[in-house]
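Please open the structure in a viewer and keep the selection panel at hand.

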Amino acid sequence: MNRRLVLSGLTLLVTSMAAGVLFGSTRLDLGAVLNALFQGSDPVTLALVRDIRLPRVIMAANAGAVLAAGGLCFQNVLRNPLAEPYILGVSGGAAVGGILGILLGWSVLGNHAAAFTGGLGALALVLRLSPPRRGEQGLLLAGVMLNAFFGAVILFLIALAKPTEIGSIMFWFMGNLGGIPLDKALGCTAFLVPGLIFLLLSSHSMNLLLLGHDAAFTLGLPAQRVMGVLLIVTSLMVSALVALVGPLGFVGLVAPQILRLLVGADNRSLMPGSMLFGASFVILCDLAARTLPQEGELPVGVMTALVGAPGFILLQRRER
């Protein structure tokens, strides 16, 4: 593991989280925030930090870490540098479930459960539809086709929605980190951390998977079983995340690719670096989405695409 990379990533993450709490439509002083949190001296500042900004920063960190780690995992399992958590249709299935929950008038908990079930159902369909003889290429092809189908279903559902429902559907669909209470944000973190630790511990196995199934099996790795477990664990985390904040594009593609250009292809350094950089990336994109507009805010998914795609292109040109 590259200790310098991890230390730099931790420093960037702490700085980003502090900026996410301190800055916004109302700028806060660090001393006032600390006094409000530990002494309760200012109820207004305490409510702003505890009920609005801190949960949002935590969820942004969750989203960035999971999507970046998931993108790197899929790129290793499928041996395709353009793979990401959405390539197998997991996010598309979760989006269909979430939109159905909104249209049926279910509670917030019901919407989350529907999105979570939709994501897992999409993974089950991909595994069922992919030809066993095609290996990871069969999974990739089945995922692309299923994702295209889910895209059509989403447009169909939006066309059926009432005008009063379209706004909430589109805001969730483009990524929404607001409105999540602190206890739910911390609960989401507790659910996701074991999966992230598992991906960290699987870094060496991912290095072997890049050599091909036959080479990995020769080196003692049961490639098919490891690949299936990695897909299931990653899809569980992505489905839970999409259920809460909606699908955020580009994070799972941009963060691992940028880190790969900077530090190489060894997953023992690339996996922790991607988690830390991805978390900071989404926090800063969300901060920009909250502060740039004079009124209201932009969906964070718009900012991740606006910032991530040009940055990735510039790095690719520099590498060339």
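This is a predicted model: local features need pLDDT of at least 70, side-chain atom pairs count only at pLDDT 80 or more; totals for chains, interfaces and linings use all residues.

Residues are numbered from 1 along each chain as its sequence is written, and side-chain values use heavy atoms, with hydrogens and water left out.

**The core.** Select Met59, Leu88, Leu199 and Val282, which have the most contacts inside the largest nonpolar core, a set of 90 residues. Such a core consists of buried Ala, Val, Leu, Ile, Met, Phe, Trp, Tyr and Cys residues joined through side-chain atoms within 4.5 Å; buried means under 20% relative accessible area, exposed over 50%, and partly exposed in between (1.4 Å probe, protein chains only). Helix H3 (residues 43-78) supplies the largest share of this core, 17 residues. Helices are DSSP runs (H or I, at least four residues), numbered from the N terminus.

**Leucine 88.** Display its contacts (heavy atoms within 4.5 Å). Leaving aside residues up to four places away in sequence, the partners of Leu88 include Phe74, Ala122, Leu139 and Leu231.

**Helix H11.** Select residues 223-245, helix H11. Of its 23 residues, 17 are buried, so H11 is largely enclosed by the rest of the structure. Just after H11, glycine 246 takes a positive phi of about 85 degrees.

**Serine 91.** Move to helix H4 (residues 90-103), where serine 91 lies. Serine 91 is buried, at 7% relative accessible area, and touches Pro85, Tyr86, Val242 and Pro247, not counting residues up to four places away in sequence.

**Phenylalanine 38.** Finally, select phenylalanine 38 in helix H2 (residues 30-39). Its relative accessibility is 69%, so phenylalanine 38 counts as exposed.

How values were computed:
Helices (H or I, at least four residues) and strands (E, at least two) are DSSP runs, numbered from the N terminus. The expected span of a helix is 1.5 Å times one less than its number of residues.
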